[in-house]
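This report looks at charged side chains and at a few backbone details. The structure comes before the text.

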Amino acid sequence: MNINPNVAEVAFLLGETSRATILTSLMDGRFHTASELAFMAAITPQTASFHLSKLIEGNLVNVEKHGRHRYFQLADGEVARILESFLAISPPPEVRSLKQSSQVKLLREARTCYDHLAGKLGVDLTESMLNAGYLDKEEREFVVTPKGEQFFTDFGLDLCILKRKRRSFSHACLDWSERHHHLAGSLGHGLMTHFFELGWIIQVPSIRAVKVTDKGKVGFKQAFNLNV
């Protein structure tokens, strides 16, 4: 008798190409309709609905109903973290078109990892904060230094509120494309949200890539000594 959790059930859900594509598409942290996810996975809405029902049963995806519409999102940040780990050990995609090549490049440059920044931008930003003495690295966690507390407060973040959230504050998330850790947790989420509010980054339509604006290029250089 096996007394361990049934890993095979999760592996079964991840082992189907369309379901895996749906899950990675949901790693932008936003809600999507079945039709949107069907388009991203290049399948029919009916097929997408079938796969989404399996993912909901497996507790990997949540659904919210608003009137006649249903919106889907990853169950939580832990699911996103596990998916990012799978991506880190998965072979790169076979690029078959110029459009796909452009999208892969955008994802590697800067993207959302559920609710924080990833890609080259996320890793470079984390390295910049480590070099500036705002963060220290301890095992799988980043620790905010006294210098960092002052910096983040001056930058417009309320660390007390972020620390009270029922989740990790500043854990290290392995970046699948850069093979280095980037900042995650409520601090990573707070920073990304603030970057959107400042107009430093904008979402790229259809994929979970983000783009640094001209205002962001100036801001990242001034605040983080980061050339993007």
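Aspartate 28 is buried, at 6% relative accessible area. Buried means under 20% relative accessible area, exposed means over 50%, and partly exposed lies in between (1.4 Å probe, protein chains only). The residue sits in the loop between helix H2 (17-25) and helix H3 (34-41). Helices (H or I, at least four residues) and strands (E, at least two) are DSSP runs, numbered from the N terminus.

This is a predicted model, in which local features need pLDDT of at least 70, side-chain atom pairs count only at pLDDT 80 or more, and totals for chains, interfaces and linings use all residues. Residues are numbered from 1 along each chain as its sequence is written, and side-chain values use heavy atoms, with hydrogens and water left out.

Aspartate 28 forms a salt bridge with arginine 30, and their closest N and O atoms are 3.2 Å apart. A salt bridge is a side-chain nitrogen of Lys or Arg within 4 Å of a carboxyl oxygen of Asp or Glu. A polar atom of the aspartate 28 side chain also lies 3.0 Å from the backbone nitrogen of arginine 30. Arginine 30 is partly exposed, at 34% relative accessibility.

## Other salt bridges

The structure holds six salt bridges. One of them links lysine 120 and aspartate 124, at 2.7 Å from N to O. These two residues are four apart in helix H7 (residues 119-131), so about one helical turn separates them. Aspartate 124 is partly exposed at 22%, and lysine 120 is partly exposed at 34%.

In another salt bridge, glutamate 149 pairs with lysine 163, with the closest N and O atoms 3.9 Å apart. Glutamate 149 belongs to helix H8 (residues 146-155) and lysine 163 to helix H9 (residues 159-164), so the pair ties together parts that are 14 residues apart in sequence. Relative accessibility is 35% for glutamate 149 and 46% for lysine 163. Salt bridges with shared partners also join Glu84, Arg111 and Asp175 into one network.

## Positive phi angles

Which value does phi of tyrosine 114 have? Phi is near 70 degrees there, a positive value in a residue other than glycine. Tyrosine 114 lies in the loop between strand E3 (111-112) and strand E4 (117-118), and is buried at 14% relative accessible area.

Arginine 179 also has a positive phi, near 60 degrees. This arginine is found in the loop between strand E7 (172-174) and strand E8 (181-183). Arginine 179 is partly exposed, at 45% relative accessibility.

Conventions
A polar contact is a pair of N or O atoms within 3.5 Å; within protein, one must be able to donate a hydrogen and the other to accept it, and residues adjacent in sequence count only if both atoms are side-chain atoms.
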